[in-house]
Amino acid sequence: MKLWIARNGYGQLYLFKKEPVCDYTIGEFFPSEEDSAMINLTDKGFDVFPDLEFDDSPIEVELKAIEDIY
C-alpha cells in the first residue's frame with residue numbers, strides 16, 4: 001500500500017492516503033481529495049522519519065505486511 005508522509009511547518013508529521021497539497025503561506029499540508037484520509041502521526045506518538053523536514057515533504061512511502069513465516 002502506497003501512502004504519503006509530510007511534515008508541516010510546525011514540525012508535525014502527517015500520513016496521507018493520497019498525495020497531499022501544500023499551502024506554503026501557512027506551512028500546512030491538506031488532503032488532495034475530500035475522501036483522502038489524513039492522520040497526525042505526531043499526536044499519536046509516532047514521530048518516525050525524524051530527518052524529514054517541511055521543505056522535503058511530501059514523500060511517498062510503501063507500507064508492506066510482514067508475512068507470517070510459521
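This is a predicted model: local features need pLDDT of at least 70, side-chain atom pairs count only at pLDDT 80 or more; totals for chains, interfaces and linings use all residues.

Mentor: Residues are numbered from 1 along each chain as its sequence is written, and side-chain values use heavy atoms, with hydrogens and water left out.

Trainee: How many helices and how many strands does the secondary structure hold?

Mentor: Helices (H or I, at least four residues) and strands (E, at least two) are DSSP runs, numbered from the N terminus. Along the sequence, the pattern reads β-β-β-β-β-β. The count is therefore zero helices and six strands.

Trainee: Is strand β1 largely enclosed or largely open?

Mentor: Buried means under 20% relative accessible area, exposed over 50%, and partly exposed in between; the probe is 1.4 Å, with protein chains only, and the areas come from the Shrake-Rupley method. In β1 (residues 2–7), five of the six residues are buried.

Trainee: Which residue is the bridge partner of Ile-5 in β6?

Mentor: Two strands pair if DSSP finds at least two bridges between them. β1 and β6 (59–62) run antiparallel and are joined by four bridges. In β6, the partner of Ile-5 is Ile-59.

Trainee: Which residue in the turn between β1 and β2 has a positive phi?

Mentor: Strand β2 (residues 13–16) runs antiparallel to β1, with four bridges between the two. Ala-6, for example, has Tyr-14 as its bridge partner in β2. The two strands form a hairpin with five residues between them, and the turn residue with a positive phi, of about 90 degrees, is Gly-11.

Trainee: Which residue meets Arg-7 in a salt bridge?

Mentor: A salt bridge is a side-chain nitrogen of Lys or Arg within 4 Å of a carboxyl oxygen of Asp or Glu, and the structure holds two. One of them joins Arg-7 to a side chain at 3.2 Å, N to O. This pair links distant parts of the chain, 40 residues apart: strand β1 and the loop between β5 and β6. Arg-7 is buried, with a relative accessible area of 8%, and its partner is Asp-47.

Trainee: How many residues apart in sequence are the parts tied together by Lys-18 and Glu-33?

Mentor: Their side chains meet in a salt bridge at 2.9 Å, N to O. Lys-18 lies in the loop between β2 and β3 (21–23) and Glu-33 in the loop between β4 (28–30) and β5, so the pair ties together parts whose separation in sequence is 15 residues.

Trainee: Which residues gather in the patch of negative charge on the surface?

Mentor: Such a patch is made of residues with over 30% relative accessible area and no salt bridge, with like charges joined within 9 Å. Asp and Glu count as negative, and the place of a charge is taken as CG of Asp or CD of Glu. One member lies in the loop between β5 (38–40) and β6 and counts as exposed at 68% relative accessibility. The residues are Asp-51, Glu-53, Asp-55 and Asp-56.

Methods
Patches are made of residues with over 30% relative accessible area and no salt bridge: like charges are joined within 9 Å, nonpolar side chains (Val, Leu, Ile, Met, Phe, Trp, Tyr) within 5 Å.
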